[in-house]
There are 2 protein chains.
Amino acid sequence: MGTPQLTKNQSLVMGALAHSDGPMSAYTILDKLRDQGFRAPLQVYRALDKLLEYGLVHRLESLNAFVACTCPHEHEHDHGVTAFTICEGCGQVTEFHDEAIEQRLSALVRAQSFKTEKTTIEIRGHCKSCA
Amino acid sequence: MGTPQLTKNQSLVMGALAHSDGPMSAYTILDKLRDQGFRAPLQVYRALDKLLEYGLVHRLESLNAFVACTCPHEHEHDHGVTAFTICEGCGQVTEFHDEAIEQRLSALVRAQSFKTEKTTIEIRGHCKSCA
DNA sequence: ATCGCACACGTTATAGCATAACGCAATTGA
DNA sequence: TCAATTGCGTTATGCTATAACGTGTGCGAT
């Protein structure tokens with residue numbers, strides 16, 4: 001169960017995200033792809049759903065926006081929790097992973113008998129350049 | 001610099017959230033307060049902005065919804081990072097805090113020379129009852 | 001082969017979330 | 001008294017996301 005071949009729309013959306021230097025909203029992606037024949041939000045959202053499912057793209061909940069995954073080889077083995085720093089100045093997003101946090105969260109949640117399906121960690125602030 | 005006296009609108013919104021057993025969207029709050037004279041979304045959003053600022057309310061980014069803070073006495077001293085479990089079944093939200101996670105995140109972020117302003121941690125899944 | 005199914009796609013319409021921009025009223029402090 | 005601040009009310013608008021419909025294509029089972 002690797003990543004299937006992407007469809008045309010999925011490739012176009014993936015390309016738009018990959019070549020962007022920051023997160024993009026679905027509607028921004030739509031505008032970028034009008035010349036390639038995109039006309040409606042659903043074309044973007046349907047592609048994004050699949051890309052999210054394949055782990056090629058992340059959704060930033062606090063921005064209602066999407067970024068290409070920057071760990072291109074971790075898609076195979078589900079790589080646990082993903083965290084992000086998001087700079088309010090330049091919009092730069094940095095993805096990172098940490099075993100310690102993952103295990104600590106896992107323990108806390110288990111203590112509630114809670115079954116985790118998806119974990120969101122997003123840190124808003126200012127990066128080194130924008131401080 | 002404690003929490004100022006709440007205005008009428010702020011009290012109404014706070015009350016609606018406090019008496020709800022789960023998170024509410026701004027529009028749901030609006031509907032609950034129509035009998036009290038609320039007519040427009042901005043009346044809710046303006047009150048929410050202040051309540052968020054005072055630390056009486058939290059915003060759940062992954063739901064676009066709001067909950068009353070369940071740690072009523074921690075508003076004075078800024079109580080670092082707040083995390084939530086959110087049950088997809090019953091909608092129950094549990095707020096919790098953990099020093100270890102806070103310190104670990106702080107260290108990771110400092111390594112990027114990133115200056116944190118707000119941290120979001122939200123865990124979607126199923127609670128014990130809804131497993 | 002052809003039937004049925006799953007899946008991607010296209011389109012229109014609508015629902016849900018959030019803010020811009022205007023003006024008014026009350027409060028406060030110089 | 002005047003200016004600044006804050007809260008409030010209203011209208012309009014913009015941004016984000018999904019519902020519901022139908023089409024076409026590939027592919028395996030009978």
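In this predicted model, Lys118 of chain A stands opposite Arg124(B), a residue of E5(B). The two residues belong to a pairing between chains: E5(A) and strand E5 of chain B, residues 115-126, run antiparallel and are joined by 11 bridges.

The contact between the chains takes 30 residues from chain A and 30 residues from chain B. On the side of chain A that touches chain B, strand E4 (93-96), helix H4 (99-111) and strand E5 (115-126) each supply at least two residues. E5(A) gives the most to this side, with 12 residues. Sorted by class, the side of chain A that touches chain B has 11 nonpolar, 10 polar and 9 charged residues.

Next comes chain A as a whole. Chain A has 4 helices and 5 strands, and from the N terminus on its elements run α-α-α-β-β-β-β-α-β. Its C-alpha atoms fill a box of roughly 50 × 45 × 25 Å along the principal axes. Of the 131 residues in chain A, 31% are buried. Among the contacts in chain A with a separation of 6 or more, 56% are between residues 24 or more positions apart.

Within chain A, strand E1 (residues 57-60) pairs with E2(A) in the antiparallel sense over 4 bridges. In this pairing Val57(A) stands opposite Ala68(A) of E2(A). E1(A) and E2(A) form a hairpin with 4 residues between them, and Asn64(A) in the turn has a positive phi of about 50°. Which way do the residues of strand E2 (residues 65-68) of chain A point? Ala65(A) and Val67(A) point one way, Phe66(A) and Ala68(A) point the other way, and all are buried.

The last topic is the DNA. Of the 19 residues around DNA strand C, those that come nearest are Thr7(A), Asn9(A), Arg39(A), Ala40(A) and Asn64(B). The elements that give two or more residues to the surface near DNA strand C are helix H1 (8-19) and helix H3 (41-54) of chain A, together with helix H2 (26-32) and helix H3 (41-54) of chain B. Which element gives the most to the surface near DNA strand C? H3(A) does, with 5 residues. By class, the surface near DNA strand C has 9 nonpolar, 7 polar and 3 charged residues.

Note on methods: Residues numbered from 1 in each chain as written. Chains lettered and ligands numbered in written order. Predicted model: local features only at pLDDT ≥ 70, side-chain atom pairs only at ≥ 80, totals over all residues. Near = placed C-beta within 6 Å. Nonpolar A, V, L, I, M, F, W, Y, C, P; charged D, E, K, R; others polar. Contact = placed C-beta atoms within 7 Å. Pairing = 2+ DSSP bridges. Buried ≥ 20, exposed ≤ 12 C-beta atoms within 10 Å, placed from the backbone.
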